Protein chains: 2
Amino acid sequence: MVALQESTMIDGEAQVRRPRERILAAARELFRRHGIHGVGVEAIADAAKTNKMALYRHFGSKDELVVAYLQSVVGEVDDIWTALERDHPGDGRKQLKAWLSLAEVCIASDERGCELATSAIELTAKDHPGRKIIEDLKVDHRKRLVTLCRRAGVSQPSVLADTLTLLLEGARVSRQSAGAKGPSAKFMKTAKAVITNFLPH
Amino acid sequence: MVALQESTMIDGEAQVRRPRERILAAARELFRRHGIHGVGVEAIADAAKTNKMALYRHFGSKDELVVAYLQSVVGEVDDIWTALERDHPGDGRKQLKAWLSLAEVCIASDERGCELATSAIELTAKDHPGRKIIEDLKVDHRKRLVTLCRRAGVSQPSVLADTLTLLLEGARVSRQSAGAKGPSAKFMKTAKAVITNFLPH
């Protein structure tokens, strides 16, 4: 179980984490670790040091909480992309290199894989509002990667972008079924081999 | 809900599906559609036209049923590999072509992705006996694909095998989060581009 601090005193100023934030943080940690269906609202309320009534007051239902969770992940991914573009303005090659490093860190550091991809697997109902959030992000991510590849001056930017996306998604899901020493460990090697073949000779 | 026939009369001979088989078939269909955690034993027993008591008599627990389900998927994948090797004995190039076609059919026909990969995502407990079944199959699959690539005479068989594995795993998982028109639709294009670069020039 996660233990989340209710409040911290820093320089006499109360840094209070509000119940809504605590519930969302606890939900994210538990969903990530045990899956959306593997956790009930009671366990989430407990971990957030609150109760079910407060949880329902803030989120209405578990589905609404799932939607808020997915939106928070999307916000984080957006921030990562924005930082990547800001750190290497207009330099596609450097952006591509930074994207690869970030991808490798993602694969190596998180054995539970992409939170959006695994949530899509769990949210089997086609009309679940969470599915649209996930799909919209993936569409946006794809466009950004194509733009990045185009800026890097490769021969077929959209084919390279899709190849890299499939390699990354594959590595993150493969790590869970084939272990950390399986094909996922070869992500960087395979991605670099692929990129070399798309660069002008 | 799946409706499974209890018995069918063909030419006067009773083709009876035994309860164990019916339970396993119903479990597979429901797990595939709703996820392992999205289905209870009662729904499985109902779909198999039997009851919970009979289910527990045959399988002991839901976990045992999950293990039997995973073993049946592994058996099927083994059969596909054996057929692929038998249909094109010793001819790596033809086997590689056949592997690609099979992979494309898998991606296009099943929107719920690889049953083993998605089960590994759902079985978050590291000591769940199902995880070893999945990992063993993935290790075996990897070896067979390396052998196939070596027979096909490519320059770095193990790198190509891992690249193709990541592309396939990526396509199957990406279809669920980015939709059927997302990067998964480009599997064949990306795989062929990759293979070309591994073939001797």
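This is a predicted model: local features need pLDDT of at least 70, side-chain atom pairs count only at pLDDT 80 or more; totals for chains, interfaces and linings use all residues.
User: Let's start simple. How many helices and strands does chain A have, and in what order do they come?

Analyst: Chain A holds nine helices and two strands. Along the sequence the pattern reads β-β-α-α-α-α-α-α-α-α-α, and the C-alpha atoms fill a box of roughly 65 × 45 × 35 Å along the principal axes.

User: Among the contacts between residues at least 6 apart in chain A, what share joins residues at least 24 apart?

Analyst: That share is 64%. A contact here requires heavy atoms within 4.5 Å.

User: How far apart are the mean positions of the positive and negative charges of chain A?

Analyst: They are 5 Å apart, with 31 positive and 26 negative charges in chain A.

User: Now the pair of chains. What makes the relation between chain A and chain B that of a two-fold axis?

Analyst: Chain B superposes on chain A through a rotation of 180° with 0.0 Å of shift along the axis, at an RMSD of 0.0 Å. Within chain B, the residue that comes closest to the rotation axis is G170(B), with its C-alpha at 1.7 Å.

User: How do you know that the copies meet through the same surface?

Analyst: Because 100% of the interface residues of chain B are also interface residues in chain A, the surface is the same.

User: Why is S177(B) called buried?

Analyst: Its relative accessibility is 2%, and buried means under 20%, so S177(B) qualifies. This serine lies in helix α8 of chain B, residues 157-178. Beyond its sequence neighbours, S177(B) touches A117(A), A120(A), I134(A), E135(A), K138(A) and E169(A).

User: And what makes E169(B) buried, although it is a glutamate?

Analyst: The same test applies: E169(B) has a relative accessible area of 9%, and the limit is 20%, so E169(B) counts as buried. E169(B) too is placed in helix α8 of chain B. Leaving out neighbours within four places, its contacts are G170(A), V173(A) and S177(A) from chain A, along with A117(B) and K138(B) from chain B.

User: What makes helix α6 of chain A "mostly covered"?

Analyst: Eight of the eight residues in this helix, 115-122, are buried. They are E115(A), L116(A), A117(A), T118(A), S119(A), A120(A), I121(A) and E122(A).

User: Which elements do those buried residues pack against?

Analyst: In chain A the partners are α1 (19-34), α4 (62-87), α7 (129-151) and α8 (157-178), and in chain B they are α6 (115-122) and α8.

User: How many residues are in the largest nonpolar core, and which have the most contacts inside it?

Analyst: The largest nonpolar core has 124 residues, and those with the most contacts inside it are I44(A), W99(A), F187(A), I44(B), W99(B) and F187(B). In soluble globular proteins, nonpolar side chains tend to be buried together. Take W99(A): apart from neighbours within four places, it is in contact with W81(A), L84(A), H141(A), L145(A), L148(A), L164(A), L168(A) and F187(A).

User: What is noted about the phi of K49(A), and where is this residue placed?

Analyst: K49(A) has a positive phi of about 55°, although it is not a glycine. Its place is the loop between α2 (41-47) and α3 (52-59) of chain A. In chain B, K49(B) also has a positive phi of about 55° and lies in the loop between α2 (41-47) and α3 (52-59).

User: Why are these two lysines called partly exposed?

Analyst: K49(A) has a relative accessible area of 47%, and K49(B) stands at 46%. Buried is under 20% and exposed is over 50%, so values in between are called partly exposed.

Note on methods: Residues are numbered from 1 along each chain as its sequence is written. Chains are lettered from A and ligands numbered from 1 in the order in which they are written. Side-chain values use heavy atoms; hydrogens and water are left out. Helices (H or I, at least four residues) and strands (E, at least two) are DSSP runs, numbered from the N terminus. Lys and Arg count as positive and Asp and Glu as negative; His and the chain ends are not counted. The place of a charge is taken as NZ of Lys, CZ of Arg, CG of Asp or CD of Glu. Copies are superposed by least squares on the C-alpha atoms of residues with pLDDT of at least 70 in both. Buried means under 20% relative accessible area, exposed over 50%, partly exposed in between (1.4 Å probe, protein chains only). A nonpolar core is a set of buried Ala, Val, Leu, Ile, Met, Phe, Trp, Tyr and Cys residues joined through side-chain atoms within 4.5 Å.
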